Amino acid sequence: MDVLTQNFSLYGRGFLGTVELTVSSSLLAPALGFLMASFRVSPVGPLRALGTVWVTVLRNTPLTLLFFAVLLGLPRFGLVLPFTLFAVLALGCYTSAFICEALRSGINTVPRGQGEAARSLGMSFGRTLRHVVLPQAFRAVIPPVGSTLIALAKNSAIAGAFSVTELLGTYKTLNELGYGIIWTFVWIALGYLVITLTISALFNVLEQRWGVAR
């Protein structure tokens, strides 16, 4: 218990850093995921190809390697931003590939006749997707999107290796101060548990309100 009470501010900064990374990346990832899912089901060939390349590359690239590419590679091309923002970009882009596939699977559950009926009424592809297909697909993808964002919260721990303030990185300082490694990690684990349970509770509420009835 002493490791927490004597280093509460350190744990607090790490916890808030992880929350900031998670929230920011959780705003970016669904936006990119929605865009790429729209591309993947688009009737325009180049857009489908772009969506496919995006998902294929990011889903098959280790997240640590993506962090290296973003945090260490982009500054070489003159793009200099705070490391926290680079970390958000890496986490958001990586997670967007998984959200894209979850959304696409939800889109595929909507009967084809729904889209055909909308187009027969003169609706464009964009309006059909936005007003007819996605509202129905959204109900089916609430659980997988929630699971993906929980994984995002845990993946944010990688950012600590790149000088970004987050919860897991607090163990380095505490280890140097001589605190026992077991209790150090117990409180870190509880911090992540608070974050992931909060996300899980939020998506449980969304699922109960808008999810597919069982």
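You'll find S163 in the loop between helix 7 and helix 8.

Before I go on, a word on what you're looking at. This is a predicted model, where local features need pLDDT of at least 70 and side-chain atom pairs count only at pLDDT 80 or more, while totals for chains, interfaces and linings use all residues. Residues are numbered from 1 along each chain as its sequence is written, and side-chain values use heavy atoms, with hydrogens and water left out.

Now the overall picture. The chain has nine helices and zero strands; helices (H or I, at least four residues) and strands (E, at least two) are DSSP runs, numbered from the N terminus. Read from the N terminus, the elements go α-α-α-α-α-α-α-α-α. The C-alpha trace spans about 70 × 45 × 25 Å along its principal axes. Of the 214 residues in the chain, 41% are buried. And if you take the contacts with a separation of 6 or more, 77% of them come from residues 24 or more positions apart, where contact means heavy atoms within 4.5 Å.

Let's go back to that loop, and to the aromatic rings. Rings of Phe, Tyr and Trp (its six-membered ring) pair if their centres lie within 6.5 Å; planes under 30 degrees apart count as stacked, over 60 as edge-to-face and the rest as tilted. That rule gives four aromatic pairs. In one of them, F68 and F162 have ring centres 5.0 Å apart and planes at 80°, so this pair is edge-to-face. F68 sits in helix 4 (residues 63–73) and F162 in the loop between helix 7 (125–155) and helix 8 (170–176), so the pair ties together parts that are 94 residues apart in sequence. Which of the two is buried? That's F162, at 7% relative accessibility, whereas F68 is partly exposed at 42%. Ring pairs also bring in F67, making a cluster of F67, F68 and F162.

Next, how the helices pack. Two packed helices are described by the angle between their axes and the distance between the axes. The axes are lines fitted to C-alpha atoms, for helices over the stretch in contact, and angles run from 0 to 180 degrees between N-to-C directions.

Take helix 4 and helix 5 (residues 83–109): they pack at an angle of about 135°, with axes 9 Å apart. That makes helix 4 oblique to helix 5; angles under 35 degrees count as roughly parallel, over 145 as roughly antiparallel, 65 to 115 as roughly perpendicular and the rest as oblique. On the helix 4 side, the contact residues are L63, L66, F67, V70 and L71, and on the helix 5 side they include F83, F86, L89 and Y94.

What about helix 5 and helix 7? Their axes come within 7 Å and cross at roughly 140°. So helix 5 is oblique to helix 7 as well. Among the residues that meet here are Y94, F98, A102 and G106 in helix 5, and V133, A137, V141 and P144 in helix 7.

While we're in helix 5, have a look at E101, which lies in that helix. Is E101 buried or exposed? E101 is buried, with a relative accessible area of 15%. Not counting residues up to four places away in sequence, E101 touches R40, V55 and R59.

Last stop, helix 9. How far apart are the end C-alpha atoms of helix 9 (residues 181–210)? They are 43 Å apart, and this agrees with the 44 Å that its 30 residues should span at 1.5 Å a residue; the expected span is 1.5 Å times one less than the number of residues. Its buried residues include W187, Y192, I195 and F203.

I195 belongs to helix 9 and is buried, with a relative accessible area of 8%. Leaving aside neighbours within four places in sequence, I195 is in contact with F15, T18, V19, T22 and A153. As for V19, it lies in helix 2 (residues 8–40) and is partly exposed at 27% relative accessibility. The C-alpha atoms of V19 and Y192 are separated by 9.3 Å, although the two are 173 residues apart along the chain.

How values were computed. Buried < 20%, exposed > 50% of the residue type's maximum accessible area, 1.4 Å probe, protein only.
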